[in-house]
Number of protein chains: 2
Amino acid sequence: MTSTEDRLIAWLRRRARGAGGERIGDDAAFLPRGGPWAATVDTQIEGVHFLPGTDPRLLARRLLAVNLSDLASVGAVPRFALLALAAPAGFDHQRLLASLVEACRRWRVELVGGDLARSPALTAVLTLVGSRPAGGRWVRRSAARSGDALWLGGPVGLAAAGLELLRRGARASGSRVRLPPGFPPGGQLAAAARRAVRRHLLPQPQLELGGWLGRQRRAAAIDVSDGLSLDLGRLCRESAVGATIEAGALIDRPDLDRLAHQLGKEPLPLALSGGEDYVLLFALPASVEPPARFACHRIGTIHRQPGLHLREEGRRLPLVESGWDHLAGGSVRMQERKRR
Amino acid sequence: MTSTEDRLIAWLRRRARGAGGERIGDDAAFLPRGGPWAATVDTQIEGVHFLPGTDPRLLARRLLAVNLSDLASVGAVPRFALLALAAPAGFDHQRLLASLVEACRRWRVELVGGDLARSPALTAVLTLVGSRPAGGRWVRRSAARSGDALWLGGPVGLAAAGLELLRRGARASGSRVRLPPGFPPGGQLAAAARRAVRRHLLPQPQLELGGWLGRQRRAAAIDVSDGLSLDLGRLCRESAVGATIEAGALIDRPDLDRLAHQLGKEPLPLALSGGEDYVLLFALPASVEPPARFACHRIGTIHRQPGLHLREEGRRLPLVESGWDHLAGGSVRMQERKRR
C-alpha cells in the first residue's frame with residue numbers, strides 16, 4: 001500500500017519520462033546524469049513540520065540537518081546550500097540566518113545563495129548540493145538484492161516520542177529541554193524524554209555512515225523520514241525486492257520502552273511508523289558488517305518475494321506501510337498525523 | 001538608498017564570510033567556486049507573487065520562466081530543476097506538475113527531484129541548475145566599468161501595467177486574456193493591455209541574449225525583477241560605479257504610453273520601478289553593440305561617480321532606487337506594493 005504522495009510521484013516519473021522523470025527516486029538527484037554532484041531540497045513549514053513559536057535558531061539547524069540526512073543516504077559530501085525563506089511581517093531573519101550560517105560552518109557547507117519573500121506561513125526551503133567523494137560511488141535505493149541483511153543506523157521511534165512530548169507541552173531553547181507540565185522529573189525516564197525531544201528537533205545526519213556505504217561494493221540506502229515501514233517499502237519497490245523485519249530488533253531499547261509506556265503508546269508502532277528518525281536504513285550483502293563505531297543494528301532480511309513482513313514471537317505477519325503521508329488528510333503534522 | 005532586503009543580504013554576506021557569504025551577489029551561484037555550474041532558487045507564493053485563484057498551469061510556467069531569467073542573466077544554459085511544492089488540501093497537484101513538465105521540456109530542463117508538503121499557503125520553490133556553455137564565461141553583476149553603455153533587453157513597465165490590470169479584474173487562462181470589466185474593447189489599447197497581462201504572467205527569459213553576453217570579452221548583467229532603478233543600483237554597487245539613465249529611452253514606447261494613460265499612471269515611474277519585467281539590464285564597453293535580433297535598446301551610461309541619475313529634458317536629476325522590497329512593509333505584492 002503506497003501513500004498518496006508515492007502515487008503522485010510515480011505518476012510524475014511516468015509523465016516526465018525523457019525530461020528527468022526517470023531520474024527521480026533517490027534521496028538526492030545526481031547531476032549530470034550519474035555525475036559527481038548530488039542535489040536535494042527540503043521544506044520546513046510552521047505548523048506543519050514544526051510547532052508555531054519554535055525558536056528560529058532551532059528551525060535553521062533542523063532544516064539543515066534534515067537535508068543533510070538526504071545527502072548522507074546517497075553517500076555525498078555536503079558542499080553548497082541555497083535558502084528560500086518566506087516569512088511573515090516582523091520575523092527575525094537575522095536570528096534564523098545567523099544560526100544557519102553557524103550550522104553551515106559546522107558541517108562545512110557554503111551558503112551561496114537564496115531568495116527572500118513575504119508569506120503568511122513561515123516557510124524555509126533549503127537546497128543542498130553535495131559531491132561524490134573520491135573513491136566513492138552513489139548509494140541508491142535500487143541496489144538491494146535478495147539475501148541482503150537489512151540495517152538501521154540508529155534507533156527509530158524516539159523522534160516520534162519526542163514530537164508527542166512537544167505536543168504535550170515540552171519546550172526547547174538551544175539544547176535545553178523543558179518537559180511537559182506533570183511529567184515525572186529526574187531519573188532515567190526524564191533523561192530519555194529530553195533525548196527524545198532533542199532527537200526530534202535536531203536529528204543527527206549520518207554523513208560518515210553514508211560515506212562508508214559509498215565505499216562498499218554494493219549498498220542500498222534511504223533515510224527514515226516518513227516512517228520505517230513506509231521508507232522500507234520505497235527502498236524495496238526501487239530494488240524490486242521484499243523484506244522481513246524482526247520486531248525484537250526494533251523495540252528492545254530501554255529509552256523507547258520507557259517513553260512509550262509513559263506516553264500510553266505501544267513501542268512497536270512508534271518504531272515502525274513514527275518517522276522523522278533521520279537514521280539510515282540500508283541493505284548490505286550478508287557477509288558485510290558496518291564497523292562497530294557506527295552503532296548500527298541488524299533488523300531484518302531482504303528477499304525476492306515482494307512485500308513487507310514482520311516477524312514477532314515466531315510469527316511472520318504482513319506489514320502494512322504506514323507513516324507520514326505529505327499529501328493525505330486535512331491536518332498538519334504537528335497537530336495530528338494522518339496515516340495510511 | 002538600499003532596500004531592507006539588500007541591507008539584510010549585505011549583513012548575511014559579512015556574517016557568512018568564509019562560509020559562502022562572499023559568493024552571494026549574482027543572480028545565480030557558481031559551483032564549485034567559479035566552476036562550470038550555476039544554481040539559483042526562486043519562490044512563488046499565492047497572494048504574494050500571484051493572485052489567489054491563478055490557474056496552476058500558469059503558475060508553473062511563470063515559476064520556471066522567472067527562474068530561467070536568473071540563469072539568463074549569468075549566461076548559463078538551463079539543465080536541471082528541483083521543485084519544492086507546498087499546497088493546501090484539495091490542491092490539484094497534477095495540473096501544476098503536468099504544466100511544469102511541459103514547460104521543462106520546452107526549455108530542455110530536466111525535472112530531477114523535489115519535495116512535497118502541506119501548507120496553508122500555496123508555495124512553489126524551484127531550484128535551477130545551469131551549465132556554462134563551451135567557450136562562454138559567467139556574466140557577473142560586478143563587471144561594469146566607467147564608460148560602458150547601459151542596455152535593456154526589452155521594455156520595462158509593461159509587466160507592472162499588466163499586474164495593475166489583473167488587480168482591476170483582468171483574468172487569464174492558458175494564453176487567453178480577459179480584460180477588466182469596462183476596459184475599452186478592441187483596438188491597439190486592448191491589444192497592448194493583453195500583451196501587458198501576458199508579460200506579467202509569462203515573462204520570456206532572455207536565455208539567448210544571456211548566452212551572447214557570456215561570449216563577449218566583458219559584460220555585466222542583472223535581470224530586472226524588483227524594478228529597474230533598484231536592480232540598476234545593485235549592479236552599480238557590485239561594480240563600484242554609478243549610472244545615468246536617459247528618460248526618453250525608457251518611455252517613448254506606444255504600448256506603455258497608452259496603458260499608463262488609460263490606467264491613470266505616469267509611464268516613467270512604471271518603467272523605473274514597476275518590476276517583474278524579467279528583461280536583462282546589462283553594461284557593455286561602448287564599442288560593442290548587441291545584434292539587432294535581440295531588439296535591445298540603449299538606455300544610459302556607466303560612470304565612475306557613484307549613485308544613479310536620470311536625464312530628462314536636458315536636466316540631470318538624482319534617481320531614487322525604488323521598486324519591490326521583499327521584506328519591507330506589511331502588505332503583499334499582489335495587493336499593494338511597498339516602495340522605498
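## A tour of chains A and B

Select A:Ala295: with 12 C-beta neighbours inside 10 Å, this residue counts as exposed. The cut-offs: buried means 20 or more other C-beta atoms within 10 Å of the residue's own, exposed means 12 or fewer, partly exposed lies in between, and C-beta atoms are placed from the backbone. Phi of A:Ala295 is near 50°, a positive value in a residue other than glycine. The residue lies in the loop between E11 and strand E12 (297-303) of chain A. Helices (H or I, at least four residues) and strands (E, at least two) are DSSP runs, numbered from the N terminus.

Before moving on, note that this is a predicted model, in which local features need pLDDT of at least 70 and side-chain atom pairs count only at pLDDT 80 or more, while totals for chains, interfaces and linings use all residues. Residues are numbered from 1 along each chain as its sequence is written, and chains are lettered from A and ligands numbered from 1 in the order in which they are written.

**Next, A:Glu276.** Find this residue in the loop between helix H10 (267-273) and strand E11 (280-284) of chain A. Is A:Glu276 buried or exposed? A:Glu276 is buried, with 25 other C-beta atoms within 10 Å.

Chain A holds 10 helices and 14 strands. The C-alpha trace spans about 55 × 50 × 40 Å along its principal axes. Of the 340 residues, 56% count as buried.

**Colour the domains of chain A.** Domain 1 is 4-131 and domain 2 is 141-318; the bounds come from an automatic or database domain assignment. Their C-alpha centres are 22 Å apart. The contact takes 20 residues from domain 1 and 23 residues from domain 2. Contact means C-beta atoms, placed from the backbone, within 7 Å. Which helix gives the most to the domain 1 side? Select helix H2 (residues 56-74) of chain A, with 12 residues.

**Turn to the A-B contact.** Chain A gives 54 residues and chain B gives 54 residues. On the chain A side, the elements that each supply at least two residues include helix H1 (4-15) and helix H3 (93-107). E4(A) gives the most, with nine residues.

**Now the sheet in chain B.** Five strands form an open sheet in the order E1-E2-E5-E3-E4, with mixed pairing. Two strands pair if DSSP finds at least two bridges between them. Strands E1 (29-31) and E4 (110-118) of chain B stand at the edges, each with a single partner strand, so one side of each is left without a neighbour in the sheet. Strand E3 (residues 77-87) of chain B and E4(B) pair in the parallel sense over eight bridges. Zoom in on B:Leu82: its bridge partner in E4(B) is B:Gly113.

**Last stop, the cis peptide bonds.** One joins A:Leu31 and A:Pro32, with omega about -25°. Another joins B:Leu31 and B:Pro32, with omega about -25°. B:Pro32 sits in the loop between E1 and E2 of chain B.

Terms used:
Contact = placed C-beta atoms within 7 Å.
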